[in-house]
Structures are given as C-alpha cells and as structure tokens.
Amino acid sequence: MSVTAFLTDSTLCIGCKACEVACKEWNQVSNDGLDWRGFSYDNTAALGHSTWRHVAFVENTAHPGQGGNAPEAFTWGMLSDVCKHCENAGCLEACPTGALVRTEFGGVYLQPDVCNGCAYCVVACPFGVVERNPAEGRAFKCTFCYDRQKDGLKPACATACPTESIKFGDIEDLREEAVRRMNHLHSAGFRDVHLYDPQHTSVGGVHAFFITRGDPRAYNLPPNPEVPTSYLRKGWISAGIAAGLMLAGTLFAFYGSNHE
Amino acid sequence: MSTSPRGEEREQRERRLEEIRRQAQEHALIPFPDEHENSFEASAENGYYGMPLLKRPQWTVEIPIYFFVGGAAGAAALIAAVGEISNKDRDLVRDAQWLAAIGGIISPALLISDLGMPSRFLAMLRVFKVRSPMSVGSWTLVAFSNAAVASAVLGELRRRRSIPGVPVLTRVSQIATALTGLVLATYTGVLIGATAIPVWNEHISSLPVHFATSGLLTAASILELKGHDSEALNKIAMMAATLETVMGATIEMRTTRVEEPLRHGISGRAMRGAGLLSGPVPLALRALGMLSKKNKPTLRRAAALSSIVGSMLTRWAWIKAGHASAEDPRVPLQLEPPARSQKDESLF
Ligand code: SF4
C-alpha cells in the first residue's frame, strides 16, 4: 500500500470526457444536465458537488509544427481537472465534524455519513473544489476512489481514460514520470508545457498534479494556492485584541461613570 | 412557423436593428453588443473564460443573522458581568443576562436552520479541532448557551429568595458566560477570515475587531431600547460608534482590487450603509443628545435603533462581499486588471 497520486497530462487529452462519465457512473453521482456552457466544448464548467472530474477546453492559437491544420485555426488544450488532494488540505483542516479524513493512500476523503453540511470546507478550499449539494445539504467531492483503491484498483477515471492522459500510481514514481514527460515534450518542440504541482506554497504539494498545454492559469489553476489555516495565527491574535478592547471599554464605561 | 416577438422583447430587438444600421453607417463596422463585450477566452490573461475559481459561500441568510445575534449575546454577557462586579445597576444586569440567554437560545436554532436538522448540529460535537474555527466556535456556543441560561435562571432565583450558595453560583456562571461571550463575539471574524475567500482573509486582522465592536454596540443599543438610560451604556455605545467610524473610513480608503467588493456593487453599498448607520449617525445623534437635555432620550433611542440596523447590515455586507470576492477569479489567479467591466466604478 503506497501513497498514490494522479498525473493528468493535457497533451494527451482528447476531450472525450470518458473520465467524467466513468466517475459519475462508478460513484453514482447525480446527473447535472448536459447544457453547453457557451465556451468551447465544456458542459460542466467547474468542479462541484456533482462534478468530480471536469474536462476544461482551452483554445490556443496554433504554432507551426504544433498541430492545427491551418495557420488561422486554433489548437485544443484539454485538461481533466480534479480535487488536488492537498498535502495540507484546507477542507480537511476546516471540517468541524471529522468527516474529512486523510486515507492511507494519502488522499483526502469526505465521509458522507459524517458530514453535517456546515459548508465550511467550501470556503476553505483554495481550488474551489468541494461544494454543498443544495438539494440534500451535505458537501461532496472526489473520493480518489477510496473504495477502488482499497481493492487494489485504479480510480474509475484513470481506468476509463483511453489515452492514459490520466495516470495513476505511486506518487514518487509519478513525479519522476512527470519530469520525464516534460523533458520529452520539450525535446519534441513543445515549449508551452508546464508542470503544475504547487509545492512552494503552504499547500505543500498535492496528490493530483498536471501537465498543461499553455499557462496553468488558463485552466483556472491558481499560481499560489494557500491553505487558509495559514491565516489562523493572525486571526486569533486579532480576536484576542478584540476581546481585550471589549473588556477594557466595558470596564471603563462602568467604572468611569460614577453619577448613578 | 416562427412568430414575431412581442412587447418588450420586440422593442429591444427593433432598437438593436436601428443600432446596427447606425453603426454600419458611421463606422462601417458593427461591434458586438454589450453583453458580449465581457466574454472571455481562456488564457493566461483571463483565466478560464472568466469563470470563478473559488466556490461562493453557501451559507443561508441564517448565518449573518447568527453572527449578529451571537455577537450581541456575547457582548451582553460581558455587560452583565462587569455591571455585576461594579455593583452599578441591578436591573441592567438582569436584563443583560436575559439578553445573553435569549441570544444563546436563538443562536443554535439559527445554525440548525442552516444545517437543515438538529442532529446535524450535534455532529459538530463529535470532535474538537483547535485548528478549525468552526469547531472552536460550535463548542464555544454550546458552553456559552448553557452558562447564559444558567446565570439568567440563577439570577432570578437570587432575586426572589436567599438560598445559600446561589449568589456565588450566579457570579461564577456570569463570569463563565462573559468569558465564553468574549470568544463568541470575536471568533466569527476568525471563522470567515481563515478561508480562501480573498476579501475575507485579506481582512483577518480587522474582522474580529469589527465584529466585536458591532456586537458591543448592538448589546448596548438593545438595552437602551429596553429603557435603560445608564451612562455606562451611553459610553459603551459612543466608544463603539467611534471605532465603527474609524473602521468605515479605513475601508473606504483601501482601494486594492481584493477590496473591490467592499466598495462596489451591492455588498459595497451595504457596507457603506452599515458603516454610516453604526458609526457617524449614532455618534452625531448622541452628541446632539448631550447638547439638548430635553430631547436626549429620543435622540438616544434613535441612535440605538440606527446602530442595531447598522450592525445587522455589517454582517450581511461582509458575507455578501465574500460572495462577490469568490466570483472574481482575478485575485487567486493573480491576473492583471482590467478583466472585468469597470462599469460599477461610476455608481458612487
Ligand atoms: S483541492 Fe480542495 S477539496 Fe481537494 S483536498 Fe485540497 S482543499 Fe480539499
């Protein structure tokens, strides 16, 4: 049993959304409509309580030799987004009930039978992943297919992906694989590929890293995600000051007015 | 067979035809109508089609109301305890105690209403997590509610007959209520500050002070409306309103784009209204009251009323600002402005 991760490679993604379908079917996540969002071929728009894999479609201008059958056409940048399963996870830290836990595989798992729907994890996630289902009140997000992993299987999305754009495996192996793939892409002339793996911020690394065609920000991947617990110190100091001010003010008001 | 649109839509589309003709004549070029002006591409400059990166806070309106009620209740407990110790005004202490107790009963009810069912609130008490302000707050609220109700009931008992031990117990429970009340009135600032929402975490150092001030202002104002005219309450309200004025002015002076929701749009207007109603307005009314002895009680009441409305609006405005902040992907993506329409700039 090792610590696992996803490596999602946008240079291999063909935008078929097999991952979205497989995820929904395996995890029995409710249907949320098939409306086009008005941008490209996206119909889920963002991750949420009923979307645990989201295929983003970015239209890049074509560069000679990098796809595109006409200079005025564009090339696709497609990327299947997912919960990052942060090393320091905002959702897990914020959860007051202990519904969010770290699994033996290193993922962040939300136990739906414990969740009480307080929605604090929703504002604690720096990636906007977890969401409360308004219909029934509890929060939901990617489980990293904890059930499948316990049975020694790959998550549903990685199993269904026809191009191995979604790779799943041991986290160290995949980090090496990512570097190898980046080198290969660079030597093949892809100069606009980036490895997204925020290890430099308080999030401290993730269990789902990405190779993106173009700037990661085009896929709404934040350059410097911070885990909100990093603000706690400042907050409690301020709360202490606030309490002190209240106490001092009230004492002053009562002892300073003697004409009763 | 297609039918021609009627009424409002008809007129709109006719106007658009006129507009196209005019533009074709003038520029030989027809720009997209307004609603398309802000459509984005996905790029390093725009993010993902301008889609929000963060999730909006999903709390129902019960939560800002709870912030308001809990803040007032916590502050009332403080007023009760200090009033008791300073031996000032027995009736004031009694009413402040009851205000704390009633707030301590309403608050969990508000939370339960947001969660949907009572058992979900009990789930908060499964574990205690120091690093989760939601957990700390839930435990604080439970401790506060129990202490507040106990001290109110014990206080009544003490008034009616002399049972040995009751006066001591009353004092102990009063102090316990005041201490947990201090946490209750301030932790909500930490709660929303320690999140990924930019406008909140940017203000984590001022939020607890802002909420504490507004809680104290509300408690003093409610007690004044109840008919108490002690000078201590007036002083508390004056100090709180002064601090509110300073904080309102500070917010107006901060102009970074993280703080846009505090100055623009619905949340901006609410924040400005809240600042005026809980700062300069009651301050001016109270100052006037000092000048004219005759109108003093009326002016004080007006000031109290304005403060209460302002404090409620303060909580609502902060939550609303969080919504607007979550919807703007520019801050978490560190994008250069202007990505969004600047139209709102002209509103004030
Ligand atoms: S990406 Fe969000 S939901 Fe996923 S582990 Fe990190 S904080 Fe939690």
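**Rings, a nonpolar patch and a paired strand**

The largest share of the nonpolar patch, three residues, comes from H7(A), helices being DSSP runs of H or I with at least four residues and strands runs of E with at least two, both numbered from the N terminus. The model is a predicted one, in which local features need pLDDT of at least 70 and side-chain atom pairs count only at pLDDT 80 or more, while totals for chains, interfaces and linings use all residues. Residues are numbered from 1 along each chain as its sequence is written, chains are lettered from A and ligands numbered from 1 in the order in which they are written, and side-chain values use heavy atoms, leaving out hydrogens and water.

The patch itself covers about 530 Å² and is made by A:Leu247, A:Leu251, A:Tyr255, B:Ile85, B:Ile175 and B:Leu179. Patch residues have over 30% relative accessible area and no salt bridge, with like charges joined within 9 Å and nonpolar side chains (Val, Leu, Ile, Met, Phe, Trp, Tyr) within 5 Å; a salt bridge puts a side-chain nitrogen of Lys or Arg within 4 Å of a carboxyl oxygen of Asp or Glu. Areas come from the Shrake-Rupley method with a 1.4 Å probe, and for residues only the protein chains shown count as cover. Helix H7 (232-255) of chain A and helix H7 (166-193) of chain B are the elements that give two or more residues. B:Ile175, in helix H7 of chain B, is partly exposed at a relative accessible area of 41% (buried is under 20%, exposed over 50%, partly exposed in between; 1.4 Å probe, protein chains only).

As for rings, the whole structure holds 16 aromatic pairs over all chains. Rings of Phe, Tyr and Trp (its six-membered ring) pair if their centres lie within 6.5 Å, with planes under 30 degrees apart stacked, over 60 edge-to-face and the rest tilted. A:Tyr196 and A:Phe210 make a tilted pair, 6.4 Å centre to centre with 50° between the planes. A:Tyr196 sits in strand S9 and A:Phe210 in strand S10 of chain A, 14 residues apart, and both are buried. In chain B, B:Phe67 and B:Phe211 have ring centres 5.8 Å apart and planes at 55°, so this pair is tilted too. B:Phe67 belongs to helix H3 and B:Phe211 to helix H9 of chain B, so the pair ties together parts 144 residues apart in sequence.

Finally, five bridges join strand S1 (residues 4-9) of chain A to S8(A), running antiparallel; strands pair if DSSP finds at least two bridges between them. A:Thr8 has A:Ile166 in S8(A) as its bridge partner.
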